[in-house]
Amino acid sequence: MEFKQKQTIYLQIAESICEKIVGGLLAEGEKISSIRSLAVDLEVNPNTVQRTYEHLQSEGIIYTQRGLGYFVSEGAKAKIKQHEQQHEAVVSIIEQAKLLTKHIDKKQLDLPLFSDAYLVLSNSYAVIGDY
């Protein structure tokens with residue numbers, strides 16, 4: 001797996017696992033690689049994979065059974081698709097807001113309400129810009 005520099009490695013690994021679930025390469029209820037095994041395969045620190053698995057567990061995508069390993073949760077595919085739709089909606093809203101702020105008269109920005117809203121939107125673009 002080749003990692004991008006703009007996103008943390010653990011999230012890239014999580015995305016890869018989610019893509020495999022949505023693509024049918026990993027089925028719900030199926031056991032996934034151990035932390036150590038995946039770390040060796042990807043040539044990353046086991047702590048990175050541990051962080052990935054913790055993230056996926058918190059999202060309800062995978063679960064662990066003590067002594068047996070990690071498994072894909074029932075309903076994981078639906079959760080991933082729902083998350084993707086929500087992400088697309090947020091990006092769309094921010095893009096629309098970005099277009100609207102281009103039409104704001106700079107004099108209006110002197111009003112506290114508009115000024116604060118403009119700053120929030122400007123900061124949102126910086127965060128979303130890499131997506």
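Is Glu59 buried, partly exposed or exposed, and what is its relative accessibility? In this predicted model, in which local features need pLDDT of at least 70, side-chain atom pairs count only at pLDDT 80 or more, and totals for chains, interfaces and linings use all residues, Glu59 counts as partly exposed because its relative accessibility is 40%, where buried means under 20% relative accessible area, exposed means over 50%, and partly exposed lies in between (1.4 Å probe, protein chains only). Residues are numbered from 1 along each chain as its sequence is written, and side-chain values use heavy atoms, with hydrogens and water left out.

The protein chain comprises 5 helices and 2 strands, which follow the order α-α-α-β-β-α-α from the N terminus on; helices (H or I, at least four residues) and strands (E, at least two) are DSSP runs, numbered from the N terminus. Of the 131 residues of the protein chain, 26% count as buried.

In the segment before α1 stands Phe3, which counts as partly exposed because its relative accessibility is 25%. The C-alpha atoms of Phe3 and Ile13 are 8.7 Å apart in space, with 10 residues of separation in sequence. Helix α1 itself contains Tyr10, which is buried because its relative accessible area is 16%. Tyr10 and Val44, 34 residues apart in sequence, are separated by 9.5 Å from C-alpha to C-alpha.

Glu43 occupies the loop between α2 (35-42) and α3 (46-58), where its phi is near 60°, a positive value in a residue other than glycine. With a relative accessible area of 72%, Glu43 is therefore exposed. The loop between α3 and β1 holds Glu59, whose C-alpha is 9.0 Å from that of Ala76, although the two residues are 17 apart in sequence.

Strand β1 (residues 62-65) pairs with strand β2 (residues 69-72) in the antiparallel sense over 4 bridges, pairing being assigned if DSSP finds at least two bridges between two strands. Within this arrangement, Thr64 has Tyr70 in β2 as its bridge partner. The two strands, β1 and β2, form a hairpin with 3 residues between them, and Gly67 in the turn has a positive phi of about 80°.

A negative surface patch is formed by Glu15, Glu19, Glu84 and Glu88, and α1 (9-22) and α4 (76-101) each supply at least two of its residues. Patches are made of residues with over 30% relative accessible area and no salt bridge, like charges being joined within 9 Å and nonpolar side chains (Val, Leu, Ile, Met, Phe, Trp, Tyr) within 5 Å. A salt bridge is a side-chain nitrogen of Lys or Arg within 4 Å of a carboxyl oxygen of Asp or Glu, and accessible areas come from the Shrake-Rupley method with a 1.4 Å probe, only the protein chains shown counting as cover for residues. Among the members of the patch, Glu19 lies in helix α1 and counts as exposed because its relative accessibility is 56%.

Methods. Lys and Arg count as positive and Asp and Glu as negative; His and the chain ends are not counted. The place of a charge is taken as NZ of Lys, CZ of Arg, CG of Asp or CD of Glu.
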